[in-house]
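Please open the model in a viewer and keep the sequence at hand.

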Amino acid sequence: IPNGVTNIGDNAFSQCFNLTGVTIGDSVTSIGSHAFYYCSSLITVTIPEGATSIGDNAFNFCTSLTSVTIPRSVRSISDHAFFYCYSLTSVTIPDGVPSIGDSTFWQCTSLADLKIGNSVTNIGDGAFEECSSLTSVTIPNSVASIGIWAFLACSNLTHDTIGNSVTNIGDSAFGDCSSLSAISVDGDNPAYSSVGGALFNK
């Protein structure tokens, strides 16, 4: 996609089943809804610095996608953006991104390495639901809200660290995390505490 293009429209490359790679020019600022939906052979994508929005379902069902680079310029990762990208192994949400949409990484079952930047304030409903390869998660101090089912059924998650700004944890946010043995909460958190690895309201 050459320089000069500023927007990748809705459904632009939807269901291009043989597309294996894409180079996005530096002038692109937005990736539309379902832009690469069901590009099941797409392996890697680099979103350029300067892009500000990733539309809903933009990479939904990109089942061969193993890596994605999200730049610091992104201000919106919409719902289901990387839903069912079950080959995705590593994701870094960089500083600058304010929120993670609902079900953004739902059923990314190979996702083992997750880093959440220090500007994220909201983790959406079901954002990392059924990410069964996650073993630990650190919620940074910037996060105020963790949605319902955010980490539901992350069956290998053993430890979770919650920062000092979280004041809302939705129902079943860590439900069915059958390996979860300890939750740690920053001592300065006004709403929650942990005792012996268990989570309590203050």
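**A tour of the predicted model**

Begin by selecting Asp125, which is placed in the loop between strand E11 (122-123) and strand E12 (136-139). This is a predicted model.

**The whole chain**

Next, select the whole protein chain and display its secondary structure. How many helices and strands does the protein chain have? The chain comes to 0 helices and 18 strands. Its radius of gyration is 17 Å, close to the 17 Å that the globule rule gives for 202 residues, so the chain is as compact as a globular protein of that length. Turn the model to view the C-alpha trace along its principal axes, where the span is about 55 × 30 × 20 Å. Of the 202 residues, 46% are buried.

**A salt bridge**

Select Lys115 and Asp113 and show their side chains. These two residues form a salt bridge, in which the closest N and O atoms are 3.0 Å apart. The structure holds 1 salt bridge.

**Two serines**

Proceed to Ser110, in the loop between strand E9 (99-100) and strand E10 (113-116). Ser110 is partly exposed, its relative accessible area being 29%. Ser110 and Ser90 are 20 residues apart along the chain, and their C-alpha atoms are separated by 8.3 Å.

**Two positive phi angles**

The last stop concerns the backbone. Most residues other than glycine have a negative phi. Select Tyr84, whose phi is near 60°, a positive value in a residue other than glycine. Tyr84 lies in the loop between strand E7 (76-77) and strand E8 (90-93), and a relative accessible area of 27% makes Tyr84 partly exposed.

Finally, select Trp149. What is the phi of Trp149 near? Phi of Trp149 is near 60°, again a positive value in a residue other than glycine. Trp149 is found in the loop between strand E13 (145-146) and strand E14 (159-162). At 43% relative accessibility, Trp149 is counted as partly exposed.

Conventions: Residues are numbered from 1 along each chain as its sequence is written. This is a predicted model: local features need pLDDT of at least 70, side-chain atom pairs count only at pLDDT 80 or more; totals for chains, interfaces and linings use all residues. Side-chain values use heavy atoms; hydrogens and water are left out. Helices (H or I, at least four residues) and strands (E, at least two) are DSSP runs, numbered from the N terminus. The radius of gyration is taken over C-alpha atoms; the globule rule is 2.2 Å times the number of residues to the power 0.38. Buried means under 20% relative accessible area, exposed over 50%, partly exposed in between (1.4 Å probe, protein chains only). A salt bridge is a side-chain nitrogen of Lys or Arg within 4 Å of a carboxyl oxygen of Asp or Glu.
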